[in-house]
Amino acid sequence: MISGWTAVVDRGDLTKTEVLHDERSTELGDCEILLRVSHVGLTANNVTYGVIGDLIGYWKFFPVDAEGRGVIPVWGFADVVDSTLDAIPTGTRVYGYLPMASHLVVRAKLTSSGFVDTADHRAELPAVYNSYLVTSQDPAYDPEQEDLQVLYRPLFMTSFLLADQLADNDFHGARTVVLSSASSKTAFGTAQCLRGSGVRLVGLTSPRNVAFTESLGLYDTVLPYDAQVDVEPSVYLDFSGSADLRSALHDRLGSSLVKDISIGLTQQKASADPRSEFFFAPEQLRKRTTDWGPDGFAQRFGTAWRAFTAQAGDWVGIAHHSGPDELVEVWQAVLAGKANPNTADVITF
Ligand SMILES: NC(=O)c1ccc[n+]([C@@H]2O[C@H](COP(=O)([O-])OP(=O)(O)OC[C@H]3O[C@@H](n4cnc5c(N)ncnc54)[C@H](OP(=O)(O)O)[C@@H]3O)[C@@H](O)[C@H]2O)c1
């Protein structure tokens, strides 16, 4: 038996949290692997998993036997502490989608880069979340950059694909791209990818985050949410999910707003609007894997990722935390929007 813990949230009220401690059996079934979660990142993206947990099925990844409660998924590293597979021995380090918990048992099916969890409850869920990379088989892995990887890698893939899809469509005829929640990592990663592509980048943010967003040096113009954007052919990339901001932009820009794309909802309200289309990263990933081949894709993404991580450490400092109680404190701060965008949180479990 081993001692473990799981942090759960009330699915109807994400501010209500509890850390459940337990003793669990170490007996493994066929093809099973026991992972000890090492460290993870926590950003607004993880809050979104909770906000739209029922809609997209995020609660189903790490089911917990606690009525009305759920486990928020996080991205990070874990170590194999017991294994029934010779190819994935004890001591193997992996990167992937993990629970807010000390341990995870997966039923592994080997792939060229690691394994996928084939547990029944994950079978219907998007494949991208079920695969685990073995660090020794991952060309993008750098042991010196684990913190940057847990924080940015899940976000930057979206930034890269979104920027690529816009360029692929010649920006729908626009030469200005307006981004909301411009201080968020996914938004400024997108801005970084778009720099040098001939479009003007306008970042919209909360008044308190204007200085930080300007300091990134990625946007041509940074404006607080209540300022007026210039009327010119524009694409809107929405990371905030704000219905009011969307309406204000449509009223101001009219037919000059040539494309309205929803990517996130940092303001934690899910609202569908027929004027906006949802960005579905796996579709662009599929297209580019066909266009460029898997190796060509990996090479292009790798180049963009290295350019991004070379600068990301200067833009945002990293605050380290450890243990379930500090994890819950960070969760409450990120949920409340209290986190300062110049600091990102990494938690060792
Ligand atoms: N569709 C996809 O594939 C995909 C992939 C990755 C991320 N996303 C989405 O992109 C968004 C950004 O994620 P991230 O992890 O990059 O965020 P992040 O870096 O943690 O973003 C922090 C920023 O979000 C805004 N914010 C945070 N909490 C808030 C609150 N409680 N109320 C109001 N505003 C708040 C603030 O920006 P401002 O002051 O600038 O508004 C804050 O500076 C998320 O909604 C995420 O789910 C989508």
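This is a predicted model: local features need pLDDT of at least 70, side-chain atom pairs count only at pLDDT 80 or more; totals for chains, interfaces and linings use all residues.
**Entry 1, the ligand**

I looked up Tyr225 and found an N or O atom of its side chain 2.5 Å from an oxygen atom of the ligand. Another oxygen entry concerns Ala44, where a backbone N or O atom lies 2.9 Å from an oxygen atom of the ligand, and for Gly337 I noted a polar backbone atom 3.4 Å from a ligand nitrogen. On its own the ligand has 940 Å² of accessible area, of which the protein covers 86% (Shrake-Rupley method, 1.4 Å probe; for residues, only the protein chains shown count as cover).

I then listed the shell: 28 residues surround the ligand, and the closest are Thr43, Thr186, Thr205, Ser206 and Tyr225 (a residue is near a molecule if one of its heavy atoms lies within 4 Å of it). By type I recorded 11 nonpolar, 16 polar and 1 charged, with Asp, Glu, Lys and Arg counted as charged, Ala, Val, Leu, Ile, Met, Phe, Trp, Tyr, Cys and Pro as nonpolar, and the others, Gly among them, as polar.

The elements that give two or more residues to this shell are helices H1 (44-51), H3 (146-168), H4 (185-194) and H8 (323-335), and H1 has the largest share, 3 residues. Helices here are DSSP runs of H or I with at least four residues, and strands are runs of E with at least two, numbered from the N terminus. Domain 1 (2-141 + 316-348) and domain 2 (155-282) each give at least three residues to the shell, the bounds coming from an automatic or database domain assignment.

I checked H4 for burial and found 9 of its 10 residues buried (under 20% relative accessible area; exposed is over 50%, partly exposed in between, with a 1.4 Å probe and protein chains only). Among the buried residues of H4 are Lys185, Thr186 and Phe188. Gly196, which follows H4, has a positive phi near 85°.

Phe188 came up again in the largest nonpolar core, where, of 95 residues, Phe188, Tyr219 and Leu237 touch the most other members. Such a core is a set of buried Ala, Val, Leu, Ile, Met, Phe, Trp, Tyr and Cys residues joined through side-chain atoms within 4.5 Å. H3 supplies the largest share of this core, 10 residues.

I placed Asp164 in helix H3, where it counts as buried because its relative accessibility is 11%; its side chain makes a polar contact of 2.8 Å with the side chain of Gln284.

Asp30 sits in the loop between strand E2 (13-24) and strand E3 (32-42), and it counts as exposed because its relative accessibility is 70%. From Asp30 to Ala108 I noted 78 residues in sequence and 9.0 Å in space, C-alpha to C-alpha.

Ala123 lies in the loop between strand E8 (114-117) and strand E9 (131-134), and is exposed with a relative accessible area of 56%.

Technical notes: Residues are numbered from 1 along each chain as its sequence is written. Side-chain values use heavy atoms; hydrogens and water are left out. A polar contact is a pair of N or O atoms within 3.5 Å; within protein, one must be able to donate a hydrogen and the other to accept it, and residues adjacent in sequence count only if both atoms are side-chain atoms.
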